[in-house]
Amino acid sequence: MSIILAIIVGLAFGFVLHRVGAGNPQYIINMLRLQDLHLAKVILFAIGTSSLLLFILLATGLINESHISIKAAYTGVIVGGLIFGIGFAVGGYCPGTCLVGFGGGRKDALYFILGGLIGAGAFTLMYGWLSDVFPSLFEKIAGGKTTLADTGIEKYQGLVGGDGVPAFVIAGIIAIIFMIGAWKLPKKFNV
Amino acid sequence: MQITWNWLKGGAILGGVFLLAVILVKPLGVSTQFVIFDGIVANLVDNDVAKKDDSAKHGYTSDNAYLAKSGGKYAHSIEEPLNYGFILVFAMFAGGFFILLVTKRKTLEGRKRSACRF
């Protein structure tokens, strides 16, 4: 069953990523140059709508809590984020969009995938050494698996709220800020 | 099919896919599969890269510290590549490929139509 779901969700995700332009590195590079914010608007609106609906589903108990999985925040994520950002700007792809770009017939995406495989392989080989020599890279931030608005799930802690303010109100405010950001951001800057 | 969706339509539908993934299975994630792919290839060359370990949470372990972490979660995915995360990656590729096919067909039809006019 999980394989069928992987096919359904993957097809939908790949199709939609391509339709919003994320499979085209020019959109990503122009976004990072602040010249064309189309993709930034798409991403902000997607995060806003999905997190708002997710917290409503959590509050009403209509979603299976075991499906929620929070990645741990640790110092190394900041270093990794910087490296990721450089790759994102230079290549114009991220690990998901390069697959979609390649599927959509772009040869440069294949080179990005090969680069990603080499980089991931190098990190896998270096991980043991990195964690021995730089243990501070693996120190958790704010408890690790923590969210801004409390999900209400015991194993994850929330940073804001809890004093009688329902989590979906906090998540809702954040989501609305994202959605307004998506709406108000200019599509193009004349730089 | 070549026109990109505008931010409102694209954002709403993309948000819908994010949510659908969580409702059906779990949040979307791709990047770990690069490590899994490397691990599967390495395991083909050296069959001991991922190995059974009943004491591990996921039933597998590895001599590599990264593949062994989280109770052998990655080692498990390497030994059993037909899992949700790995198939998702190929389905995403297929999603992009589907658009390529449809776009090509439309372009061909367009060419045929314009050819008929002459």
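At what angle do the axes of helix H2 (residues 25-32) and helix H4 (residues 75-91) of chain A cross? I looked this up and got roughly 120 degrees, with the axes coming within 8 Å.

**Conventions.** I am working on a predicted model, where local features need pLDDT of at least 70, side-chain atom pairs count only at pLDDT 80 or more, and totals for chains, interfaces and linings use all residues. Residues are numbered from 1 along each chain as its sequence is written, chains are lettered from A and ligands numbered from 1 in the order written, and side-chain values use heavy atoms, with hydrogens and water left out.

**Entry 1: H2 and H4 of chain A.** Helices here are DSSP runs of H or I with at least four residues, strands are runs of E with at least two, and both are numbered from the N terminus. Axes are lines fitted to C-alpha atoms, for helices over the stretch in contact, and angles run from 0 to 180 degrees between N-to-C directions. I find A:Pro25, A:Ile28, A:Ile29, A:Met31 and A:Leu32 of H2(A) in contact with A:Phe88, A:Ala89, A:Val90 and A:Gly91 of H4(A); contact means heavy atoms within 4.5 Å. By class I note 8 nonpolar, 1 polar and no charged residues (nonpolar: Ala, Val, Leu, Ile, Met, Phe, Trp, Tyr, Cys and Pro; charged: Asp, Glu, Lys and Arg; polar: the others, Gly among them).

**Entry 2: H6 of chain A against H2 of chain B.** I then checked H6(A), residues 107-133, against H2(B), residues 32-45: the angle is about 80 degrees and the axes are 8 Å apart. The two helices are therefore roughly perpendicular. H6(A) contributes A:Ile113, A:Gly116, A:Leu117, A:Ala120, A:Gly121 and A:Thr124, while H2(B) contributes B:Phe34, B:Val35, B:Phe37 and B:Asp38. I note 6 nonpolar, 3 polar and 1 charged residues in this contact.

**Entry 3: B:Gln33.** I looked up B:Gln33, which lies in helix H2 of chain B. B:Gln33 counts as buried because its relative accessibility is 12% (buried is under 20% relative accessible area, exposed over 50%, partly exposed in between, with a 1.4 Å probe and protein chains only). Leaving out residues up to four places away in sequence, B:Gln33 touches B:Gly85, B:Phe86 and B:Val89.

**Entry 4: chain B overall.** I count 4 helices and 2 strands in chain B, in the order α-α-β-β-α-α from the N terminus. The C-alpha atoms fill a box of roughly 70 × 35 × 20 Å along the principal axes. Of the 118 residues of chain B, 41% count as buried.

How values were computed: Parallel < 35°, antiparallel > 145°, perpendicular 65-115°, else oblique.
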